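Hi everyone, thanks for coming. Let me put the structure up, and then I'll walk you through the two ligands and what surrounds them.

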Amino acid sequence: MRAVHFGAGNIGRGFIGPMLSDSGYNVCFVGRNKSKIAQLQKRGQYPVTLANKNRDSFIVDNVTAINLNDTEDVTRAIAEAEIVTTAVGISALKDIAETIAQGIERRLENSRNLNPLHIIACENGIGSSQKLKKSVYRHMKQSFKELADRNVAFPNAMVDRIVPMQKNTDSLEILVEPFSEWVIPRSGMIGNYNEIKGVHYVDSLAPYLERKLYTVNTGHCSAAYFGYLEGYTSIQEAMSDPEIRARVHGVLKETGALLVHLYGFKPIEHDRYIEKMMERFTNPNFNDKITRVARSPLRKLSPNDRLVKPAMLAHELGFETSHLVSAIASALYFDHEKDPEALQLQADIRNHGLSEVIAAQLKIPTEHPLHGRIILESNKLRARYPHRTRMKTISVKVPYF
Ligand SMILES: NC(=O)C1=CN([C@@H]2O[C@H](COP(=O)(O)OP(=O)(O)OC[C@H]3O[C@@H](n4cnc5c(N)ncnc54)[C@H](O)[C@@H]3O)[C@@H](O)[C@H]2O)C=CC1
Ligand SMILES: O=P(O)(O)OC[C@H]1O[C@](O)(CO)[C@@H](O)[C@@H]1O
């Protein structure tokens, strides 16, 4: 069985690669880092180490690799695969869409391979595979689209495993947390597919995806933004500060109330889930950089992502949102100079003002109560962390609610 995986980065090598290989797939990594691809081609395997006390490790084998710009080889691999996965970042999906489209066309040309093909975007976010499908279809001829509708599926998925930045002597080695979860809805699958060992196939993805996004991702990035303002460099440092820990817990109690309401999780079980996630953030067996977890603040602050979406939903339902508001206000101060989105965000705030950014990018209109509360919280943070914040204090009339 053949799998093609786009992105030989942390989640690719540390999570998706091992899962597919363990299920008997030959995993072909498609990547743009030439030296990593050459290493994978040469060795055909690489080591994975678990960030537990014993540092248990195992080898992922039956691996091949192709450079992303060797389009001929990549499209051939897609034409012959049972499954295509990606872990390149949601904003990079559009960049690989044309190659995937060419691979599908090559596969379907003259009805050469009409076996089902599943294409799964293993990215953080809602509806990633369907977003990829839209981009891929933009590059396909109409006749192929009709055939692809019957033979190619793009099931959305939820993937969860913390894989920090790597600093290993062996450039292929990867250190990952022991926990992992990959969830795929059965309704998104077609034909007689081989189940991937360890994947949880479910009837409905939304409860799993939103529980993870609004707990793991909301909590993790809140710890990062709170910790960044405090001057910490790792999530572990931030989580060992009792005040930050309590604020992150406060965020998760707020999203927890929302999730319990939306999906009927038992409150006591959801509290246990929150505790488990707090424990994962604290994992002392690795050092997870704040700048990694806080990365791409424009994406994280977008209306359908981990901060604004749960805050808006919770507000509409009359639930508490003060910790979420604080996380959003903190995220708006993230100005790491090596993060292009952070630089863009700060430039937008400088050029257009905070209120305009909240309205235009977070899509929280000026008249919405959360808009004014974010600005008030931003002013408080500025007073508390004058050396970490560069925005001007902004006066605002908070709408009555
Ligand atoms: N690292 C983590 O703990 C988790 C990450 N994710 C998601 O997995 C995805 C990948 O994240 P990581 O593996 O951490 O990032 P990474 O930076 O380690 O790996 C991303 C890979 O994609 C490649 N890439 C980036 N832009 C590209 C482009 N325009 N065209 C082709 N290749 C491109 C990079 O060269 C790199 O090899 C993201 O969507 C992230 O949200 C999901 C769960 C956990
Ligand atoms: O910042 P991104 O690209 O959404 O992905 C990293 C996030 O995903 C996680 O691995 C959780 O699945 C966390 O480490 C982190 O919050």
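Let's start with ligand 1. Of the 23 residues around it, N10, I11, D95, E123 and V163 come nearest; a residue counts as near a molecule if one of its heavy atoms lies within 4 Å of it.

A quick word on conventions. This is a predicted model, in which local features need pLDDT of at least 70 and side-chain atom pairs count only at pLDDT 80 or more, while totals for chains, interfaces and linings use all residues. Residues are numbered from 1 along each chain as its sequence is written, chains are lettered from A and ligands numbered from 1 in the order in which they are written, and side-chain values use heavy atoms, with hydrogens and water left out.

Back to that shell: it divides into 12 nonpolar, five polar and six charged residues. Here Ala, Val, Leu, Ile, Met, Phe, Trp, Tyr, Cys and Pro count as nonpolar, Asp, Glu, Lys and Arg as charged, and the others, Gly among them, as polar.

G9 belongs to the loop between β1 (2–6) and α1. From the side chains, a polar atom of R295 is 3.3 Å from an oxygen atom of ligand 1. Altogether the protein covers 82% of the 820 Å² of accessible area that ligand 1 has on its own, using the Shrake-Rupley method with a 1.4 Å probe.

As for secondary structure, the elements giving two or more residues to the shell around ligand 1 are α1 (10–22) and α4 (93–108). Helices (H or I, at least four residues) and strands (E, at least two) are DSSP runs, numbered from the N terminus.

Now for ligand 2. Of the 14 residues around this one, N124, R292, R295, R299 and K300 come nearest. Its shell divides into three nonpolar, three polar and eight charged residues. How close do the polar atoms of R292 come? A polar side-chain atom of R292 lies 2.7 Å from an oxygen atom of ligand 2. The side chain of H220 brings an N or O atom to 3.1 Å from a ligand 2 oxygen, and a polar backbone atom of R161 is 3.3 Å from one. The protein covers 93% of the 390 Å² of accessible area that ligand 2 has on its own.

Which elements supply at least two residues each of the shell around ligand 2? They are α7 (206–230), α11 (290–293) and α12 (297–300), with α7 giving the largest share, four residues.

Finally, the records. Over residues 1–195 the chain is 36% helix and 25% strand, with the end C-alpha atoms 12 Å apart. Over residues 205–346 the chain is 72% helix and 0% strand, and the end C-alpha atoms are 35 Å apart. The unreviewed UniProt entry also has a "binding site" annotation, whose residues include G9, N10 and I11. That's my tour, so over to you!

Key
Polar contact = N/O pair within 3.5 Å; in protein donor to acceptor, adjacent residues only side chain to side chain. UniProt positions renumbered as here; feature names shortened; annotations may be inferred.
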